[in-house]
Every structure is written in C-alpha cells, then in structure tokens.
Amino acid sequence: MRKLPSPKVLVIALACAFLGAGCAVQTQAPAENAPLVFPAPPDEPRFIFERTLYSSADVEKEDKSADLRRAMTGEARTGEGLGKPYGVAVYHGRVYVSDSAKRAVVVFDIPGQHFFKIGEDDPGRLLMPLGLDVDGNSNVYVVDSSLKVVQVYDKDGKFLRSIGERGDFSRPSGIAVDAEGKRIYVVDTGSVANEKHRVRVFDAQTGKHLLDIGKRGTGPGEFNLPRDVVIGRDGLLYVTDGGNFRVQVFRPDGTFVKTFGSIGRQGGQFSRPKEAAVDLDGNVYVIDSAFGNFQIFDAEGQLLLAVGSRSEKDDRAKYMLPSGIAVDGDGRVYVVDQYFRKVDVYRPAKLEQDAGFAVKREADQKK
C-alpha cells in the first residue's frame, strides 16, 4: 500500500497551492533508511550504526520453506529473545551476552549463523551471570553474582572449571582475563554495608588467589562500588569506579597509575558508569546508564567521542538502561541495553560492511 504524506506535509502542500507557484514540497526518506554515523556531519564519521541483535532470528539461518511461507502469509519472523541482558563479550564475531533472567549466557554466533545458550545445565549451571570475558583461546569466563564464583567454559559452552571459594567475594560483578588465559581480575563491588570494594586477582588455571587491588575509599587507588575492569593494550588495568564517578588505572601488580573522569553531566564526566572495553588502538570505552551512551577516551583519559543518547523509545543508538559494552578484534562495538533487551552493533567507518569477523562465513553465504 502506498504510504500517504503526513498531515504536516499535506498542510504545506495546500498552502503552496493556495499561494501559487514558487513553493516546492519535499519529503524525506524515513530516518531508519539513512545511515546513522558518529560523529554527525560535517565531521568525518568514525562509527556507523550497523545492526541490532534482539533474538535468535537475527543470526540463525532460515530454511527456504519458512522464508517462502512468510513471504506468502506476511507473518513476521520470530525467535528466542533476551530476558534481562547485562554484560557482553565478543570473540571473532561470536557475541556472548549474560542474561540474569534466563540464568544463562546467550550466544549469537554471527559467522556461524547459530544461536545457543551456556550454563543451563550441571556442571557449570549459572544462577545470576553478570560480567564476562573471553581469553585468546576463546574460553569464556563468567561471573555469577549469586554463586559468588567465576565459571569457565570453552567457546561452545562445555564447562571447564570454577574459580573462587566460599567467602572469596562479597558481590562480584565485572571480570577481565588476559589474552593468555593466565590471570583473571574480578571486580568485587561490595555494598554500603561492607568494606569489600576491590579487584581480586586469581591464577586463571589453578584458581589460586594472588593479590587484591584497592580498598574502600575516595582517594587514589581506592574504590566506592566499582563495576568493571578491562585490560588495556598497554597492559594496564582500567577500572570503572562507579561510586566515585571515575576510571582508575593500575599496573597488573596493583600499583596505582592515574585516574580520569568526575561526577557531572558534561562530556568526559560520569553519572552511572558501568562496563568498559578497549579497542586495538588502546582507546577506552565506558558505558554510562544515566546518560544512555558510551564515551570513548584515549589511553590518557582525553574524551574523543560520545555515542548514543537516552530515550524512552527504542531506536537506533537509543538507550534506557545500557549496561554492557565490548569491542571485537575488528573494531566493531557491541552495546547491551537491559530495558530494550537488545545488543546494538557499530562498525568502524573505515571497515567495509562485509569485512571483519561479524559477517557470515563465505561457505554459509554460498548455501
């Protein structure tokens, strides 16, 4: 059916007809058809909004009979969606999303056109998965805030081991693992009622506790409700210190290096910072739930760009309760919104649409 002009356009057209020649009416294409880039023109774009992952239907291959049936009946394609997503980790286009409502890690395998879940069965059953990360061998490390352990799986969800014992954590939330899979850094967020606001360091293979970084406080190297940790390209640790509205930087041995950010509503400041990520250039990405965006800083803490905005209506780059962020090896950025139950994907402007990890495998494309 042909779409009718909006009332506003009709009013303008009638006015033009009444006034005579010299008045032209132009209609614009729907916003969703136009590329959404950041920063906006006339600045040179750095990121292009690429797609949104809502359900299994966004990655799984559909057989020809189902595709034909939908074409004939007009029915929409459906799939298994997210419940209450929180964190995200990505390895070569395979997107791992922790989902506390489903009590599992939901996996969108974009290259393999496959959707599955991790942690639904024993051993390795999950109760409240939050932060997660992937090492260089594609093993997946998941923080379970209820069990107060880190569960480790291979890339396909086979349970490998648990890290942590009773009493090791108060309220674990975020995690980072080094590329070799030797060390994990677990953020213990603590609470207003205890002093266990810290980053705990373990041997990723044996589970041996190695050291703690930080303590509760407001000074350099101290934390107030920390939320996440990420390992930079320089080998330094970047910790989102939520209650102190900043990012703190440490050496792997726990030595304090520097801090950036402060409370406020201006660019480079924070209100409710949550997860963090880094790219291949060493830039640091920080999600802020109150701002409804993520901010990108260089390794020195200088603001480079802010992407997204807060909204009560779901749309491209619109967020109500963003929580998780990850950057793939090709520079694509993945953002989780708990409220809209989605993962938004951004592509670096210098990366071609069909390039990188998050595309269908060539063998699959020929089928």
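Is Arg332 buried or exposed in this structure? At 0% relative accessibility, Arg332 counts as buried, where buried means under 20% relative accessible area, exposed over 50% and partly exposed in between, with a 1.4 Å probe and protein chains only.

Colleagues, a word on the basis of these values. The model is predicted, so local features need pLDDT of at least 70 and side-chain atom pairs count only at pLDDT 80 or more, while totals for chains, interfaces and linings use all residues. Residues are numbered from 1 along each chain as its sequence is written, and side-chain values use heavy atoms, with hydrogens and water left out.

I begin with the chain as a whole. Its secondary structure comes to 3 helices and 27 strands; helices (H or I, at least four residues) and strands (E, at least two) are DSSP runs, numbered from the N terminus. Of the 367 residues, 49% are buried.

I return now to Arg332. Its side chain meets that of Glu50 in a salt bridge, at 2.7 Å from N to O; the criterion is a side-chain nitrogen of Lys or Arg within 4 Å of a carboxyl oxygen of Asp or Glu. Glu50 lies in strand 2 and Arg332 in the loop between strand 25 (322–327) and strand 26 (333–337), so this pair ties together parts that are 282 residues apart in sequence. Glu50, at 21% relative accessibility, counts as partly exposed. Arg332 also forms a salt bridge with Asp330, at 3.0 Å from N to O, and Asp330 is buried, as is Arg332. Through shared partners, salt bridges join Glu50, Asp330, Arg332 and Arg347 into one network. The structure holds 18 salt bridges in total.

Rings of Phe, Tyr and Trp (its six-membered ring) pair if their centres lie within 6.5 Å; planes under 30 degrees apart count as stacked, over 60 as edge-to-face and the rest as tilted. By this rule there are 13 aromatic pairs. One of them is Phe49 with Tyr346, edge-to-face at 5.4 Å centre to centre and 90 degrees between the planes. Since Phe49 lies in strand 2 (residues 47–53) and Tyr346 in strand 27 (residues 342–348), the pair ties together parts that are 297 residues apart in sequence. Both Phe49 and Tyr346 are buried.

Which ring also pairs with Tyr346? Phe294 does: the centres are 5.5 Å apart and the planes at 75 degrees, so this pair is edge-to-face. Ring pairs link Phe38, Phe47, Phe49, Tyr285, Phe294 and Tyr346 into a cluster.
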